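The following exercises concern a single protein chain.

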Amino acid sequence: MCATCGCSGATSLEHHEHDHEHGHGHGHGHGHDHPETRTVTLEQAVLARNDALAELNRKWFAEHGILAVNLMSSPGAGKTTLLERTIRELGAELQVSVVEGDQETVLDADRIRTSGAPVVQINTGAGCHLDAQMLAGGLRTLDPPESSVVLIENVGNLVCPALFDLGEQARVVITSVTEGAEKPRKYPQMFRAADLVLLNKIDLLPYVDFDVAAFLDGVRRANPGAEVLQLSATTGDGIAGWYGWLRGRSASTSTLT
C-alpha cells in the first residue's frame, strides 16, 4: 500500500523480496509467487496488524469518553494553524490535547504547546503516516483526561494516512484554495475516508484560481456523505461551523461512557 508514495515501510518490504528472490535463485521449479505478489501479501498483513491495534485504541477511547479526531491533509493546507486557533478559542471548554505527527523536527509541537495544549510529538523518519502503534505510544505519554478531545495531526500526505486506521472516531480532511480544486478527484481514497472536509484559506479566494463548485462536486462524487465546511483558520471566517461540529461530536462521545 505504501508503495504508492515511497514510504520506507513499503521500500523495505520490496527490498526484502528482491533479496529473497536473488538469494535463492530463479527457475528451480518451487512454484514461488512473483515478488510483487509477496509484497502485496506482506502489506496486507501489515494493515491487518494495524487494524487490530486500532481496535484496541478505539476501545480505550470509548472507555474514557475521549473523542479522537484524525486530521489529514497535504503539507501546507493549514492543519497546524487551524489547531492553534482551535486550542486558543475552544481548548479550555473541550480540554483539547494534541498528537503531532511529522517526519522530522518538533516545530509544530512547539507551536501547539505555545497555544496552550498538552502535546506529544511523534517523528516518523522516512515514514509517510502515523499508524495505530505509534498513536498508542503517544497516548501513553500524553495521558489525556477523561471526556476530553484528542486531535491527531497526521503527517502531511494525501495517500497513505487514509489507509491506516488509528482507532479514531472521526476523520477530517483539510485542503486549501491554494492547492487546486481537483484534489478530491486526484485523491479519492482520502476524501472517501472523511467524515468532514474543511476547505481552508477561503480569505484567499479573490487572489487564486480556485473553482469552489468543481471542488464540492469532486467531494460529492468521492463521498456523498461527507460534510463540507468552508473557513479561514487565519481570519476566523467560517470557523464557527468547525467549532460546532467539534462540540457536537465531543458531546455525543462523552455521553456514551
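**Exercise 1: A threonine in a helix**

Thr 86 lies in helix 3, where helices (H or I, at least four residues) and strands (E, at least two) are DSSP runs, numbered from the N terminus. The model is predicted: local features need pLDDT of at least 70, side-chain atom pairs count only at pLDDT 80 or more, and totals for chains, interfaces and linings use all residues. Residues are numbered from 1 along each chain as its sequence is written, and side-chain values use heavy atoms, with hydrogens and water left out.

Task. Determine whether Thr 86 is buried or exposed, and state which residues it touches.

Solution. Step 1: the relative accessibility of Thr 86 is 0%, so the residue counts as buried. The scale is as follows: buried means under 20% relative accessible area, exposed over 50%, and partly exposed in between (1.4 Å probe, protein chains only). Step 2: when residues up to four places away in sequence are not counted, Thr 86 touches Gly 91, Leu 151, Trp 242, Tyr 243 and Leu 246. Contact here means heavy atoms within 4.5 Å.

**Exercise 2: Two packed helices**

Task. Describe how helix 3 and helix 4 pack, and name the residues that meet.

Solution. Step 1: two packed helices are described by the angle between their axes and the distance between the axes. Step 2: for helix 3 (residues 79-94) and helix 4 (residues 107-115), the angle is about 15° and the axes are 9 Å apart. Axes are lines fitted to C-alpha atoms, for helices over the stretch in contact, and angles run from 0 to 180 degrees between N-to-C directions. Step 3: helix 3 and helix 4 are therefore roughly parallel to each other, as angles under 35 degrees count as roughly parallel, over 145 as roughly antiparallel, 65 to 115 as roughly perpendicular and the rest as oblique. Step 4: Thr 80, Thr 81, Leu 83, Glu 84, Ile 87 and Arg 88 in helix 3 meet Asp 108, Arg 111, Ile 112 and Ser 115 in helix 4.

**Exercise 3: A leucine in a strand**

Task. Locate Leu 67 and list its contacts.

Solution. Step 1: Leu 67 belongs to strand 1 (residues 67-73). Step 2: because its relative accessibility is 0%, Leu 67 counts as buried. Step 3: leaving aside neighbours within four places in sequence, Leu 67 is in contact with Ser 148, Val 149, Val 150, Gln 169, Leu 246, Arg 249, Ser 250 and Thr 253. Step 4: between Leu 67 and Ala 170 there are 103 residues of sequence separation, yet their C-alpha atoms are 8.1 Å apart in space.

**Exercise 4: Positive phi in loops**

Task. Which phi values do Asp 143 and Lys 201 have?

Solution. Step 1: Asp 143, a residue other than glycine, has a positive phi near 50°. Asp 143 sits in the loop between helix 5 (132-142) and strand 4 (149-153), and is exposed, with a relative accessible area of 57%. Step 2: Lys 201, also not a glycine, has a positive phi of about 65°. Lys 201 is found in the loop between strand 6 (196-200) and helix 8 (212-222), and is partly exposed at 22% relative accessible area.

**Exercise 5: The whole chain**

Task. How many helices and strands does the protein chain have, and what percentage of its residues count as buried?

Solution. Step 1: the secondary structure comes to nine helices and seven strands. Step 2: of the 257 residues, 49% count as buried.
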